[in-house]
Amino acid sequence: MEESLNSTVDPACLQEPPLAMDVIRQLDEFEICLYSMLTFMSCVSLVLYLELCVYIYKKLPCPKKTTIIWISGAAPVIATMSCFGMWIPRAVMITDMTSNCYFAVVVYKVLVLMIEELGGSNVFLDRFSGTNFRINTGPCCCCCPCLPRVPMSRRMLFLLKLGSLQYAILKTALSVLAVILWTNGNFDLSDLEITGAAIWLNPFIGVLTITSLWPVAIIFMNINSFLRSLRIIPKYAMYQLILVLSQLQTSIINILALDGTIACAPPFSSQARGSMLSQQMMIMEMFIISLVTWLLYHRTYDPLPSEAHDNEQNNTAALQAALVEHDV
């Protein structure tokens with residue numbers, strides 16, 4: 001019985017991902033147009049990013065310009081790496097590692113950007129020191145409204161920064177370790193045995209991810225009203241969208257490929273075909289996000305009004321309202 005089942009399985013479905021030249025030789029007319037269009041999208045994303053880098057470099061001082069260049073590069077970098085992974089299927093492990101490590105740094109940079117938009121750490125502490133911050137936010141504690149509010153302090157700000165920075169450091173280190181184990185045949189996403197490296201590394205990276213997203217959400221939920229004029233909400237939405245597409249969507253497709261839901265299509269095995277579909281979808285999605293990101297960050301950068309200026313405006317408005325009421 002087993003021999004009859006094995007005889008019906010195409011040998012290509014049990015092999016490694018094909019070489020780049022093997023993929024190119026088997027492309028039909030539709031696939032050539034598809035691959036060409038996706039490559040063009042990734043190139044346009046990269047060109048838009050480079051133009052934005054030049055614009056930001058000329059318009060903004062350090063360190064804000066460095067932070068914005070990092071954040072705005074998330075979608076173009078992922079699109080470029082996905083393009084390489086599409087053309088060279090055997091390099092997917094390397095391209096995914098590069099994209100994930102870059103985005104791990106972006107998570108920390110988003111937190112830094114929100115603080116820098118308010119004037120930096122010192123101005124942030126002068127403005128919010130002693131203010132009670134909500135901590136019942138996602139992805140950890142959104143369902144815990146009973147959590148007490150925590151007063152902002154220098155130590156609290158340091159812990160929030162550390163919570164995001166640890167992901168950028170540990171994610172990069174663990175990704176390099178995974179690639180080293182993969183080259184030696186010890187790391188395989190399809191190996192779910194207790195002795196496999198993937199079953200230990202992936203859950204630990206998931207915990208690190210949740211731990212790093214929580215501080216960013218805490219800062220955003222408590223200060224977004226002060227940064228509405230800088231369009232911080234759509235910027236944060238783009239960051240969240242990249243997170244969902246690059247992490248959750250890819251994980252779902254990999255699970256479907258491992259389960260056999262995504263059928264084998266020689267020369268691609270089920271896992272290789274799922275990875276290819278993921279790369280192609282990622283290029284189209286990151287291309288759209290790159291366009292939106294370019295529109296959000298390619299603007300005139302004016303300084304944010306200080307707290308004293310805000311209070312002065314509020315006092316002036318209250319005085320005018322009182323005078324109008326007195327005249328009536």
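Which side chain does a polar contact join to that of glutamine 247? The partner is asparagine 100, and the contact spans 3.2 Å. Before going on, note that this is a predicted model.

Let me place that residue. Glutamine 247 sits in helix H10, which covers residues 232–259. Leaving aside residues up to four places away in sequence, glutamine 247 touches Asn100, Phe103 and Ile242.

Helix H6 runs over residues 92–117, and its axis comes within 12 Å of the H10 axis, with a crossing of roughly 165 degrees. Angles over 145 count as roughly antiparallel, so that is how H6 lies relative to H10. The crossing of H6 past H10 is left-handed.

Now the residues at this contact. By class, the contact of H6 with H10 has nine nonpolar residues, two polar and two charged.

The model has nine aromatic pairs. One of them joins phenylalanine 220 and tyrosine 236, and this pair is stacked, with 3.8 Å from centre to centre and 5 degrees between the planes. Phenylalanine 220 belongs to helix H9, residues 198–223, and tyrosine 236 to H10, so the pair ties together parts 16 residues apart in sequence.

How values were computed: Residues are numbered from 1 along each chain as its sequence is written. This is a predicted model: local features need pLDDT of at least 70, side-chain atom pairs count only at pLDDT 80 or more; totals for chains, interfaces and linings use all residues. Side-chain values use heavy atoms; hydrogens and water are left out. Helices (H or I, at least four residues) and strands (E, at least two) are DSSP runs, numbered from the N terminus. A polar contact is a pair of N or O atoms within 3.5 Å; within protein, one must be able to donate a hydrogen and the other to accept it, and residues adjacent in sequence count only if both atoms are side-chain atoms. Contact means heavy atoms within 4.5 Å. Axes are lines fitted to C-alpha atoms, for helices over the stretch in contact, and angles run from 0 to 180 degrees between N-to-C directions. Angles under 35 degrees count as roughly parallel, over 145 as roughly antiparallel, 65 to 115 as roughly perpendicular and the rest as oblique. A crossing is left-handed if the near helix is turned anticlockwise from the far one by less than a right angle, and right-handed if clockwise. Ala, Val, Leu, Ile, Met, Phe, Trp, Tyr, Cys and Pro count as nonpolar, Asp, Glu, Lys and Arg as charged, and the others, Gly among them, as polar. Rings of Phe, Tyr and Trp (its six-membered ring) pair if their centres lie within 6.5 Å; planes under 30 degrees apart count as stacked, over 60 as edge-to-face and the rest as tilted.
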